[in-house]
Each structure stands twice: as structure tokens, then as C-alpha cells.
Amino acid sequence: MLWNEPNNLSHWDRSLDPDWALFAEMVRLAGERLGQVAPGLTRVLGGISPIDPGFVGNVFDRGLDRAIDVVAVHGFPLDWNRWHLDEWPARIETIREVSGGKPVWATEVGASSFVSETLQAWAVDATLDQLASCADRIFWYALMDLPERWEAVTRHRAGEGSAYYRHFRMGVCDADGQPKPAAPLLADWAAHDVGVCEWIYWREQARFERMLRLLGDLGIRRVRTGIGWADWDRPGAAEWFDSVMHALDPFAVTLTLCFTPARAGRTPHHTSPPINLSDFADFCEVIARRYAPVQLVKPARM
């Protein structure tokens with residue numbers, strides 16, 4: 001998956017790229033590169049939030065449609081979006097239409113237990129019942145709550161008010177791995193190929209091991225996670241991610257590639273467009289050659 005929520009200020013700095021021309025070119029270059037080095041790999045446009053057909057039409061008009069295979073969407077109507085659960089099918093269809101019939105994946109859907117664990121449990125069935133007939137693939141967000149000592153990755157905290165704290169209660173299990181009422185319901189859906197989106201945090205080994213245990217307990221086989229380009233810049237990154245990807249080998253993994261290293265950005269921030277747009281394609285090629293199934297990857301040119 002190429003980037004994450006590119007039309008969300010928390011993940012792409014629109015002040016540097018107000019019409020997403022730089023984004024479209026960056027992802028086009030990355031998608032074309034992956035098509036050359038790993039021609040069997042599914043290239044997914046990072047999940048958009050909000051679900052905006054105008055954004056998809058804009059970047060497709062800039063040539064991105066030829067470099068991706070799937071469009072992804074994110075939605076949280078019970079927490080941050082101002083629409084109802086029963087609008088899911090229509091919203092998915094607007095994206096499918098503007099993308100020329102490409103598959104549409106719902107790569108982050110969920111509900112916080114901030115208000116009520118009972119409401120969250122109800123939301124698992126209510127949400128997935130709506131999506132099962134219209135989305136080509138679904139990932140529930142998330143497996144575990146965030147620890148209270150952390151900060152959520154958002155630039156909208158001032159505008160969210162108390163809704164900011166919903167970010168910390170998106171898991172079907174708490175931060176210590178204790179299941180909430182939503183957990184067994186998600187386990188039932190996992191048997192119908194619903195996956196989980198769960199971010200793996202840098203060097204958080206104990207949390208990662210807890211994640212692996214819970215995936216097994218709930219019978220979840222599909223996992224969406226990510227490798228940050230900025231994290232790949234850290235000393236020891238290859239060793240850490242080698243261990244992560246080896247542990248995830250039994251699962252069907254959708255890997256999100258995003259976040260600019262400070263040294264590569266037009267400003268020193270992970271949301272910045274890179275100075276050289278092709279640098280992101282270079283990073284994607286490195287990750288594909290290292291972690292994509294070997295039968296999908298062509299040998300490097302000598």
C-alpha cells in the first residue's frame with residue numbers, strides 16, 4: 001500500500017502540495033517501479049480519509065490510475081465522520097465509479113470503546129454487515145488500544161476536543177491484551193476473511209509479541225501493518241523489520257509504505273513531500289525486494 005490517508009493533514013502536508021500534484025507524481029513513480037520489479041504485487045492507493053471521490057479523480061487525472069491496482073478507503077462514522085453506518089455501500093460505490101471499476105478495499109474501519117464497550121461490540125457486526133457485500137477486502141482497526149502515555153498521530157487534536165481520546169480506545173482488546181466484548185465478534189468475522197489493521201511500533205517488542213498471540217487467539221489471518229520510510233532510516237532498521245516480517249510470515253500481510261524521513265523532506269517532517277520524488281520509489285523497491293514473496297520479484301539488473 002502506497003502511503004496512508006494522503007488527503008488527511010495528519011499524513012500529508014497540503015500546504016506544500018495543495019493540489020496533490022507532488023503526491024500523485026510520487027506514488028505514480030513508486031507504482032510504476034513496483035510494476036517493474038515485482039509485477040505480481042498488488043499496488044494499493046493508501047486509504048483515503050475522508051472518503052472523497054474528488055480526490056481520487058484528481059490524482060487519477062494526473063496519471064496515477066495506471067500505476068495502482070486497488071483504491072483503499074478509511075471510515076469511522078461512529079467516531080469522527082459525519083455520516084451513518086448505512087451509507088457505507090453508497091460511499092464505496094462512488095469510489096469504485098470514479099476509479100473505473102478498480103477494486104475498493106476498506107483498510108481501516110472501526111469504532112472506539114471510549115463511550116461504551118457494548119457500543120463498540122455492536123459496531124463490529126453493524127459495520128461489517130454493511131461492508132461485506134460492497135468492499136473487496138476489509139480490515140478492522142484495531143487489535144489493541146494505545147497506551148495512555150503515548151500520543152496519537154494526528155494534527156487535528158485542537159479541533160477534535162474530547163474526540164481525540166477516542167484514538168486510544170480503538171482496539172478490540174485493551175493495551176495489555178485483555179479482550180473486550182468486541183473481540184469474539186471480530187473473531188467470528190475473521191473466519192469470513194476480515195483482517196485487522198494493527199501498527200507495529202518501533203522496537204516495541206513486548207507489544208508485538210502480544211499482538212502475535214492475540215492474532216492467533218482470534219484466528220485472524222489477514223494483517224495490515226506498515227514500514228515507515230522514516231523508520232527505515234534508523235540505525236538497526238533492517239534487523240528490526242527482518243524480525244517483524246519473519247514473525248508475520250504465517251499471515252497474509254498488506255504492507256503500508258509511508259512517512260518521509262526528516263532528511264529527505266522539503267520540510268523535516270514525516271508528512272512532507274520528499275525533495276526528490278523518486279526517492280520514495282527507491283524505498284519501495286528496497287522493501288519489495290526484501291520482503292515481497294520471492295516469486296513476485298524480478299532479479300535486480302546487474
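**Entry 1.** I began with Asp-242, which forms a salt bridge (a side-chain nitrogen of Lys or Arg within 4 Å of a carboxyl oxygen of Asp or Glu) with Arg-290, and their closest N and O atoms are 2.8 Å apart. This pair links distant parts of the chain, since Asp-242 lies in helix α9 (residues 237–247) and Arg-290 in helix α10 (residues 278–291), 48 residues apart. I noted that helices (H or I, at least four residues) and strands (E, at least two) are DSSP runs, numbered from the N terminus.

**Entry 2.** I recorded that this is a predicted model, where local features need pLDDT of at least 70 and side-chain atom pairs count only at pLDDT 80 or more, while totals for chains, interfaces and linings use all residues. Residues are numbered from 1 along each chain as its sequence is written, and side-chain values use heavy atoms, with hydrogens and water left out.

**Entry 3.** I looked up accessibility, where buried means under 20% relative accessible area, exposed over 50%, and partly exposed in between (1.4 Å probe, protein chains only). Asp-242 is partly exposed at 29%, and Arg-290 is partly exposed at 42%.

**Entry 4.** I then turned to Lys-180, whose salt bridge with Asp-145 has its closest N and O atoms 2.8 Å apart. Lys-180 sits in the loop between α5 (157–160) and α6 (182–190), and Asp-145 in the loop between β4 (137–140) and α5, 35 residues apart. Both Lys-180 and Asp-145 are buried.

**Entry 5.** Arg-289 forms a salt bridge with Glu-285, at 2.9 Å between the closest N and O atoms. Salt bridges that share partners join Arg-33, Asp-282, Glu-285 and Arg-289 into one network. By this rule I noted a count of 18 salt bridges.
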